[in-house]
Each structure stands twice: as structure tokens, then as C-alpha cells.
Amino acid sequence: MKSTAIANANIALTKYWGKREDKLILPHQSSVSVTLHGLTATTTVEFDKKYSQDVFLLNGQEQSGEELERVVDILNILRQRAGSALHTKVMSTNNFPTVAGFASSAAGAAALALAASKAIGLSLDEIELSILARQNSGSGTRSVSGGFVQWLRGEKNDGSDSYGIQLANEKHWPEFRILACITTRQAKKIKSRAGMKQSVANCPYYSAWKESANKDSDEMKKLILKKDFTALGQLAEHNCLKMHAVMMATTPSIIYWNEKTVQLMHAIIEWREQGLECYFTMDGGPQVKIICLAKDVAEIIKRVKEQGIDEVLECRPGEGVRSTDNHLF
Ligand code: DP6
């Protein structure tokens, strides 16, 4: 009863920041992302009577506390569904640095959902997998499908209508690029989960953010289908700034940017004025993700390096979660 899955990270073009229900991970807003080729989490899950408890190793390190609990939550859902009492060993590795600041748990959540459900003998469809991944990490619901994905907020209390749907697959827009610029290698201090809970609890702008983010998500869907790059970039940038405004206006304030983040934001605006079309987006961290088209990648990377930022990862739209026979143990 062993199975292995590979999933890619994703970057939100319109963001998720805030839960209406914590345990099931139900968001206040729909969000839209692009799944990124080459940034993978590989996860092997084995259910066996030789295990007396659930063990979870991430990048070689045994996990405890919240990290372990989030995995056990998924295993418990599956055990109940399959009528099994077996414990597991779960091993997961990422091929990209956590510091890159891609909603770090998303790829792992999607890989866990597929590997664990197969290992226990269940064959889940894409929606069921997305609902399962969501309960490990919200952004994980968007890494189940490839290409461009919308995570529907849903209305129901049981979460059965809150999942990711593919808007267009990874071949839809082959020129689309994300450049992840690493402004610092220091770990962030506030995790997204804790930060967004604070924002929902006390940010005075929260309800305005919730409403406008929901509208942005639906508008983003249209722009992706039309491949309207300029409008997409403008909307993604504005949506990101609104989310960070909410973070900053939370008590205690959440300021993820460093001086390099801000320097690069200004530079990107200036390059655009000079005719080099690119836009920024940042998640719960200081790294700047540049949205651009393939034809401008070389010039943009050159300019980013001139700003004193040496590490840049180039990503294009990638595939959804899939199984492999290359088990990690
Ligand atoms: C800022 O999915 O990491 O990256 O659901 O608590 O696991 P949990 O949070 P997570 O939050 C991601 C927040 C974000 C925006 C986004 O990816 O939409």
C-alpha cells in the first residue's frame, strides 16, 4: 500500500488571504493561480501495519506539531473513508528552495492528496483530490490541476463546493512566464496561516478586501481566457497590493517586504514606463515574482541582476499532480 505523486507549486494571480472556516480551510474569496512547471514536491505514502504511528518527513527532517497534524488530518479523512486503521510513513521532498516563497505547502498538499488516496486504495477524481488537498493547505487546492486554475470560494459549510477548477491547461499560453526573484535567504517570521487569521480578526479593511478580491478573481478568469496580458498584469499587481495593504493594516502589522522588495517594485514600474512590459506580485514573503512574457525574459533577468539580486528562477505554466513509480523509500 505504497504510492508516490509529484505536484507543482503555483503562484496566485489573484490572492487568497483569509478563511471563513479554519478547520476545513474555506476561504473568504475565490483566487486564481498558475501552476508552475519544474517546481515540484514529490511525496511517497505507505500504509502498513508495521507502523505504530504516523510519521512525516519533509526534506529529510521528521516533522512534529502543526506540520505533522496537517498531514494526519488528511490521513484521518482517508482512513475513515476507506475503513482502515493503518498508520503511515509519509516522505516528501521539494526540488525548489522553501525560501523561494511559493505558497510553500501547495505542491506538497496536492502530492499528498494523490499519493495518500492511492496508497489506501481510493481512486479520487480531480475535484475530490482538490477538496482533500485544500484541507492540508488552502493554496494546495490549486496545485491539483495544471495550467491556470480558479479556486472557487464556495458557499456551503461542508466545503463540498470549494475546490480548484482548471480554466485553461498548461499549453494555453506557452509564452507566459513567472520570474521568482530572491531578495533574501532569511526565513519569513509570520506564517500565512497565522497572519491571515489575524487579518480576518482585526483588519479594518477586511470586508472591502474580501469583496474586491472576489471580483478580481472572476475578472482574472476572463483575462486568462482572452490572453489579455496587459490587463492581467495590471490586475494581478493591484490585487497583490490590496492584499499587502490588508496585511499592513492588521494588528499586529504584517510587513513582509524588505528594502530590496520595494526597490524592485519601483524598478519594475520604471521599466514598464520605458516600454519593457512586466508586473510584480508578492505572497506572504519578501520575494518578488515578475509576471512577463518569454520574449522579455533575458532583458528582465539582466535588469534584476543590475539591482543586486543574483538569484532568479524562471517558470512557465506546468502540469497538474501525477503519479510515479519512483518511490522515495
Ligand atoms: C499569500 O495556502 O499557505 O500565498 O491555507 O493556511 O495553508 P493555508 O495557507 P496558504 O496561504 C497562501 C497565501 C498566499 C496567497 C495565495 O497563494 O493565494
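Analyst: Happy to. A residue counts as exposed when its relative accessible area is over 50%, as buried when that value is under 20%, and as partly exposed in between. Please keep in mind that this is a predicted model.

With those cut-offs we can turn to helix H8, which spans residues 297-306. Its buried residues are Val297, Ile300, Ile301, Arg303 and Val304. They share one side of H8, because the arc they cover around the axis is only 165°. There is a simple background to such a pattern: an α-helix has 3.6 residues a turn, so residues three or four places apart point the same way. On the other side of H8 you will find Ala298 and Glu306, and these are exposed.

What lies over the buried side? The cover of the buried residues of H8 includes strand S10 (176-181), helix H7 (259-273), strand S12 (288-293) and strand S13 (312-315). Just after H8 comes Gly308, with a positive phi of about 85°.

One is Ile25, with phi near 60°, in the loop between strand S2 (19-21) and strand S3 (26-27). Ile25 is buried, at a relative accessible area of 1%. Another is Asn59, where phi is near 50°; the loop that holds Asn59 runs between strand S5 (55-58) and strand S6 (61-62). Asn59 is partly exposed, with 38% relative accessibility.

Thr44 belongs to strand S4 (residues 31-48) and is buried, with 0% relative accessibility. Its side chain forms a polar contact of 2.7 Å with the side chain of Thr4. Setting aside neighbours within four places in sequence, the residues in contact with Thr44 include Lys2, Ser3, Lys89, Val90, His327 and Phe329. Phe96 lies in the loop between strand S7 (87-94) and helix H2 (106-119), and Phe96 is buried too, at 5% relative accessible area. Apart from residues up to four places away in sequence, Phe96 touches Ala9, Leu39, Thr40 and Phe102.

Last, let us visit the ligand. A shell of 19 residues surrounds the ligand, and the closest are Tyr16, Lys19, Gly138, Ser139 and Arg142. By class, that shell is made up of seven nonpolar, six polar and six charged residues. Helix H4 (residues 192-202) gives the largest share of the shell, three residues. A polar side-chain atom of Arg70 is 2.9 Å from an oxygen atom of the ligand. For Ser137, an N or O atom of the side chain lies 2.8 Å from a ligand oxygen atom, and for Arg193 the distance from a side-chain N or O atom to an oxygen atom of the ligand is 2.8 Å. Taken alone, the ligand exposes 460 Å², and the protein buries 97% of that.

Conventions: Residues are numbered from 1 along each chain as its sequence is written. This is a predicted model: local features need pLDDT of at least 70, side-chain atom pairs count only at pLDDT 80 or more; totals for chains, interfaces and linings use all residues. Side-chain values use heavy atoms; hydrogens and water are left out. A residue is near a molecule or strand if one of its heavy atoms lies within 4 Å of it. A polar contact is a pair of N or O atoms within 3.5 Å; within protein, one must be able to donate a hydrogen and the other to accept it, and residues adjacent in sequence count only if both atoms are side-chain atoms. Accessible areas come from the Shrake-Rupley method with a 1.4 Å probe; for residues, only the protein chains shown count as cover. Helices (H or I, at least four residues) and strands (E, at least two) are DSSP runs, numbered from the N terminus. Ala, Val, Leu, Ile, Met, Phe, Trp, Tyr, Cys and Pro count as nonpolar, Asp, Glu, Lys and Arg as charged, and the others, Gly among them, as polar. Buried means under 20% relative accessible area, exposed over 50%, partly exposed in between (1.4 Å probe, protein chains only). The arc is that of the directions from the helix axis to the C-beta atoms. Contact means heavy atoms within 4.5 Å.
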